[in-house]
Amino acid sequence: DLGYLAIGGVLGYAAAPEIYAKQQNFPSVWVSGQMGSGKSTFCSWLSSLQGLLVPMGMGLISKNVTAVGIACQLENYSNILLWLDEFRQHQIAADKEPMLRDCYGRQLAGKWTPDGKQRGIRTMTMVSGESTTNDAATRSRYPHVLISEQKRLANHYEWMQNHREYFFFF
């Protein structure tokens, strides 16, 4: 079941240092689906597994979210899920998409600094949006979860919303 895949992907962040040390990579989750299908709600619940009570991720298509800003957060969120939201293949800036691919192996293009210290990547992104990427290398780094309102067996929305602050106990 894809729900279990997503939960397992997020719970894996607890062992991210060990997984990365052994494999030199760390996968995360890519959540896609139609507008209004519940992607943001589902991703906010996944974030709650780490104690992050965030209603939305950083908007990938927003002009207020730059590639440099994402790079800073990839360093700041040390082995904690960084949720990037609103992925739309033909609207994302060209400098942002390679970051989604390269954070899997924690590779970041070097940039000269006066003190000689390079920015490092210390986490992986969870991406959500209406589409997935056309880039095969990026797609291979994320298990994909498709959210479909029609495939739901029951509606647990109220319970999930009322208890999400306790999800980090898992």
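## Core, sheet and pocket of a predicted model

The largest nonpolar core comprises 37 residues, and F42, L60, L100 and M126 have the most contacts inside it. Two or more residues of this core come from each of α1, β1 (30-33), α3, α4 (67-76), β3 (82-87), α5 (97-102), β4 (125-129) and β5. A nonpolar core is a set of buried Ala, Val, Leu, Ile, Met, Phe, Trp, Tyr and Cys residues joined through side-chain atoms within 4.5 Å. Buried means under 20% relative accessible area, exposed over 50% and partly exposed in between, with a 1.4 Å probe and protein chains only. Helices (H or I, at least four residues) and strands (E, at least two) are DSSP runs numbered from the N terminus.

This is a predicted model, in which local features need pLDDT of at least 70 and side-chain atom pairs count only at pLDDT 80 or more, while totals for chains, interfaces and linings use all residues. Residues are numbered from 1 along each chain as its sequence is written, and side-chain values use heavy atoms, with hydrogens and water left out.

With neighbours within four places in sequence left aside, F42 is in contact (heavy atoms within 4.5 Å) with G3, A6, V31, V145 and I147. F42 also belongs to the residues closest to the centre of the largest pocket, along with G3, W45, R152 and H156; 28 residues line this pocket. Its volume is about 1100 Å³. A pocket is an open set of points on a 1 Å grid over the protein atoms alone, with protein on both sides within 12 Å along at least five of seven lines; lining residues have an atom within 4 Å of a point. The volume is the space filled by probe spheres set on the points, which are joined across faces, edges and corners.

Elements giving two or more residues to the lining are α1 (2-11), α3 (39-48), β5 (144-147) and α7 (157-163). The largest share, five residues, comes from α1.

Five strands form an open sheet with parallel pairing, in the order β2-β3-β4-β1-β5. Strands pair if DSSP finds at least two bridges between them. β2 (58-59) and β5 are the edge strands, each pairing on one side only. Four bridges join the parallel strands β3 and β4, and L84 has V127 in β4 as its bridge partner.

Most residues other than glycine have a negative phi. Two exceptions follow.

How values were computed: On a 1 Å grid over the protein atoms alone, a cavity is a set of points where a 1.4 Å probe fits but cannot get out, and a pocket is an open set with protein on both sides within 12 Å along at least five of seven lines; lining residues have an atom within 4 Å of a point.
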